[in-house]
Amino acid sequence: MEPIMTDTSRREFLTYSASLAAATAGVAAGAGAATKEPLTGATRHIHGPVRTLNGWTLPYVRKGNVKEFHLVAEEVQHEFAPGMVASCWGYNGSTPGPTIEAVEGDRVRILVTNRLPEHTTIHWHGLILPSGMDGVGGLNQPQIEPGETFAYEFDLVQHGTHMYHPHADEMTQLAVGMMGLFIIHPRENAAPVDRDYAMLLHNWAVHPGTYRPDPAVMVDFDLWTFNSKVFPAIEPIVARTGERVRVRIGNLSMWNHPIHLHGVQYEVTGSDGGRWPKHQWRREATEIVGVGQMRDIEFVAVPGDWAFHCHMAHHTMNAMGHDLPNSLGVDQSGVARELRELFPGYMAMGEDGMAEHQAHVEMGHVTGPPNTLPMATGRGPYGNIGMGGMFTTVKVRDNVHAGDFSDPGWYDAPVGSVAARVSSDPDFGNPPRRG
Ligand SMILES: [Cu+2]
């Protein structure tokens, strides 16, 4: 059975949006810059929709007083970025699976069909529910065997940013991509935002030249993803100047991630504990989202292109050969000359740092194994960006329309506001030095 959003549910959402627009217009009008078309409040909403970067939201069918969702656990062919596809496991054709969105007070029924070759379950991470609905296979329920469909049904008695994932053979099923977001909007007293983004952090061991994540790897991962995508395939977070933006971040990887946003101080406003009381908010530029944790951050959008990334440097790159001796500062010209006699075209790298890698790859000097992304890639308006993994941009412009999430291109910085060359002489100036 294909789940669909019924007319009833669509009408419910539209009616809600309209009434809320009227209620919040006064608040919203003050947020935009005065010289621009004012923010009307039409997009300010409490009950979603959430924008799952590169992802989607699962429609439901209303059956009496129950919202019924249907998840299918199955193998999916997943593209991490153009040039790299792997056989992963997910839900309803994607990893992460579709985002489930509902409202505090709803009763939900979630059908779970297992089309995997082994048993599975779903744990509703952070939700307050009856023990028998908690989804730990063997502890709370029988395993869902291949071909079977189980029904979970419970009341949503809280709000906040949550996740779902298997609690059966987790070593395999998490490693190959089984995860999703479960977002519960507050029934009342919510502070609206203009844009509401969501992402799950994850790590993968897809060894260079292979086509399936390796579930036996515990620490040495190759790929670091926002919603199972790596830079530059991760969509930008688009906003209009003055809009209030929320980004909901959940971590189902095996490492903690210090998530850093340039250009603003954001506020950490919530978690799977719901939206925190204002006196608990913290002003930060980097927030560690620990394994199994959720964090909501909010900020008022400032014009520009702003990096948004994990601050672990090796999480903003793709697979690299790193079981090698350190070549930084080592004169390799002699050995390179000898090796070129054995391997024509051999080039020594790393002597002056790794920044040259991207240029060599793009010029075709370095060809990696098949189905393997370059370690560092991406081109911006001023040249190579040299990133990968958990990196994207927040793109804020004055003229983005409400509800428009399309990539506005690169920021056209005002004249005189970009760092620029003043000399090409290494002996330029007279800077103070120690020693
Ligand atoms: Cu990280």
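**From a surface loop to the metal site**

Author: The loop between β11 (195-204) and β12 (223-226) contains Met218; strands, like helices, are DSSP runs numbered from the N terminus, with at least two residues (E) for a strand and at least four (H or I) for a helix. This is a predicted model, in which local features need pLDDT of at least 70 and side-chain atom pairs count only at pLDDT 80 or more, while totals for chains, interfaces and linings use all residues. Residues are numbered from 1 along each chain as its sequence is written, and side-chain values use heavy atoms, with hydrogens and water left out.

Met218 has 62% relative accessibility and is therefore exposed (over 50%; buried is under 20%, partly exposed in between, with a 1.4 Å probe and protein chains only). Together with Met171, Val219, Met254 and Trp255, Met218 forms a nonpolar surface patch with about 510 Å² of accessible area. Areas follow the Shrake-Rupley method with a 1.4 Å probe, and for residues only the protein chains shown count as cover.

The copper ion has His257 (ND1), Cys310 (SG) and His315 (ND1) as protein donors, 2.0 Å away. Donors are N, O and S atoms within 2.8 Å of the metal (3.2 Å for Na, K and Ca), and sites may look incomplete as water is not among the atoms. Along the chain, the donors have the spacing H-x52-C-x4-H. Because His257 belongs to strand β15 (residues 257-261) and Cys310 to strand β21 (residues 304-310), the pair ties together parts 53 residues apart in sequence. His257 is buried, at 0% relative accessibility, and Cys310 is buried at 1%.

Both strands belong to an open five-strand sheet of mixed pairing, ordered β13-β24-β21-β15-β19; strands pair if DSSP finds at least two bridges between them. β13 (237-240) and β19 (286-289) each have a single partner strand, so one side of each edge strand lacks a neighbour in the sheet. β15 and β21 run antiparallel, joined by three bridges, and His260 stands opposite His309 in β21. Four bridges join β15 to β19, also antiparallel, with Val289 of β19 as bridge partner of His257. Val289 lies with Glu287 on the covered face of β19, while Thr286 and Ile288 form the uncovered one.

Terms used:
Patches are made of residues with over 30% relative accessible area and no salt bridge: like charges are joined within 9 Å, nonpolar side chains (Val, Leu, Ile, Met, Phe, Trp, Tyr) within 5 Å. A salt bridge is a side-chain nitrogen of Lys or Arg within 4 Å of a carboxyl oxygen of Asp or Glu.
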